[in-house]
Structures are given as C-alpha cells and as structure tokens.
Amino acid sequence: MSNYIKEEQLLQTGNLEFLAKQVVEGFITGLHKSPFHGFSVEFAEHRLYNTGESTKHIDWKLYARTDKLFIKRYEEETNLRCQLIIDCSSSMFYPEDGLNKITFSAYAAASLIKMLKKQRDASGVSLIADEILFHSPCKSSSTHQKLLYSKLEGMLAQNTPNRKSNIAANLHQLAEMIHKRSLVIIFSDMLQNTGEDDELFSALQHLKYNKHEVILFHVEDKKTEVSFDFTNRPYLFIDSETGEKIKLFPNQIKEHYLKAVEAYKHTLKLKCAQYKIDLVEAEVSTDFSQILLPFLVKRSKLV
C-alpha cells in the first residue's frame, strides 16, 4: 500500500486540499491492491430506497440501468461526526529543518477531512495550545470543508514563540463542546510543561465519559525525540515552549532520557488501553497510511 508524497512537495506546495486529494486517492488505490481490500472504500453517491419513505429523491435513471431503487444522497446527510483536534503549541513546530510535526499533522488532518467528505461524514477542527485557538463544530458541506483547509493552512504559518501547551485543560473543555457520540481524533506530541500527567489522562478519560470514540495519534520525530540520535558533540538544547536552554553532550543524558521517554510512553499506552482509546504512534513522515488505515478500521466499527 502506498500513498507516498515526497517531502519537498509537502514543504513547497501551499494547496492543502490538492495534496490531501492526492494522498486519499493514492491510499484508496493502494488499499484495493492490499490485504485490506475488504474494507468499504466505495464512496457511493446513493443509498438503497427503504419501503415507505418518500419517492421524491429516487434516481430513476439508475433504476432503469439496475432495476433497483436508490435514493440520491445529499451533503446534509451524514453517517458520522468526526472532530479533529490538533496541538499547535511550539513543540509541534519541531524539527526546524524538514518536515515537522505540525506540518505532518496538518496534512494528515486534511487527508482525513477529504476521506470523511467522500464518505458523507461530517468533520470539524479544533486547534489548541495554551488555550483553544479555533473550534468549528462538525459539518459536511463543501463550504465548511474549504474553511477547514484554510484554517489548517493558516495554522502552519503561525508559530508563536514559546507558546505552551495546556492539552489537559483544552480537552476537558472540548469534551463538553463536541457533539455527543462523536469520533474524536487528536494529533499531539503529548508534551506539556505542567508535569501534571494525571490531569492529562483525566482529560482523555473525560472524552470517553462523554461517549466519544477517540483515536490519539502520538506525533513524534522518531530519530531525535524517541531514539535521541545525536552525534556526541556539544549541543545547545532549547525548550521551544519555555525558552529554557541547556548546553551539553548528548551522551551525558542519553541513557536517562531514553528511560524517561520509555516510561512515559508505557504509561500512556496503559492509560489508553484502560480507557479504550486507540493509541497510534505516528512518526513524522510522508506515509499517511499510518493515519488513514487506523481511521478506516475505527470507522468500520462505528457505522
């Protein structure tokens, strides 16, 4: 399965909708050729007519060809509401060179919006950092979709220095704002400087308590953030959210760092399993099948 788009395309092309379309079309083509071809990816413009309902929207031309009654589907019809939450704090703009976490998340979210639109599902976007920066409820119209693409494109150009994350408080607030029984998809590196991990896990639990289904895409730059793969020379490390600086040789702290990261990731996995949240480790890359396939699996269970 391949929906590979070169990194330079993502970094140089400003048309989010165009690239999202390429990602989704490539994914669907690959899906049909893969072991997952059993998934429903035929995005019908019709549904079967149910006896007793109005005949006003029957497609008679299709009836003439198939001898079956189908109802034309319109944009206001929706099967699923999906709220996409993106962490826009300063740490998401790492790394400075190449494809960073926020760009990856924006294109992944745009691809999901395109996929949702094809399946006549409604989508909304929430952008969060130290506060909720933007929130749009779920809709399925083309006008709304274009608004979401515009907001995502604007997000990429707004790296406010030292913007901290307050994921827990924002998720608590959004849990009450989002339409009940929605699919909530979160893109975040799950880094917040409060140190209050229990509060963060409580916020995830709040989403489940309000009957939302949740997929958490834990977005990371694996080489440096997970493996701490730096040459052993002096580096000046700067906390992008607080501005705090420290100069050291990576080998001085690598062992301790790796243990701390592993412990946190282990706890996050346990909590997500406990709350029945789908946790997906999303490495910053151009392979968006790691995003679209878990979504498709989850959606197939919900509708």
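A: Two packed helices are described by the angle between their axes and the distance between the axes. In this predicted model, which counts local features at pLDDT of at least 70, side-chain atom pairs at pLDDT 80 or more, and all residues for totals of chains, interfaces and linings, α6 passes α7 in a left-handed crossing, meaning that the near helix is turned anticlockwise from the far one by less than a right angle. Residues are numbered from 1 along each chain as its sequence is written, and side-chain values use heavy atoms, without hydrogens and water.

Q: At roughly what angle do the axes of α6 and α7 cross?
A: The axes of helix α6 (residues 167-177) and helix α7 (residues 197-209) cross at roughly 15 degrees and come within 8 Å. Therefore α6 is roughly parallel to α7, a term for angles under 35 degrees.

Q: Which residues of α6 and α7 make the contact?
A: Contact means heavy atoms within 4.5 Å. Ile167, Ala168, Leu171, His172, Ala175 and Glu176 of α6 take part, together with Glu199, Leu200, Ser202, Ala203, Leu204, His206 and Leu207 of α7.

Q: Which residues of the largest nonpolar core touch the most other members?
A: A nonpolar core is a set of buried (under 20% relative accessible area, 1.4 Å probe, protein chains only) Ala, Val, Leu, Ile, Met, Phe, Trp, Tyr and Cys residues joined through side-chain atoms within 4.5 Å. Here the largest one has 48 residues, of which Leu84, Ile86, Leu152, Ile185 and Phe187 touch the most other members. Helix α4 (residues 101-118) supplies the largest share, 11 residues.

Key. Buried < 20%, exposed > 50% of the residue type's maximum accessible area, 1.4 Å probe, protein only. Helix = DSSP H or I, 4+ residues; strand = E, 2+ residues; numbered from the N terminus. Axes fitted to C-alpha atoms, helices over the stretch in contact; angles between N-to-C directions. Parallel < 35°, antiparallel > 145°, perpendicular 65-115°, else oblique.
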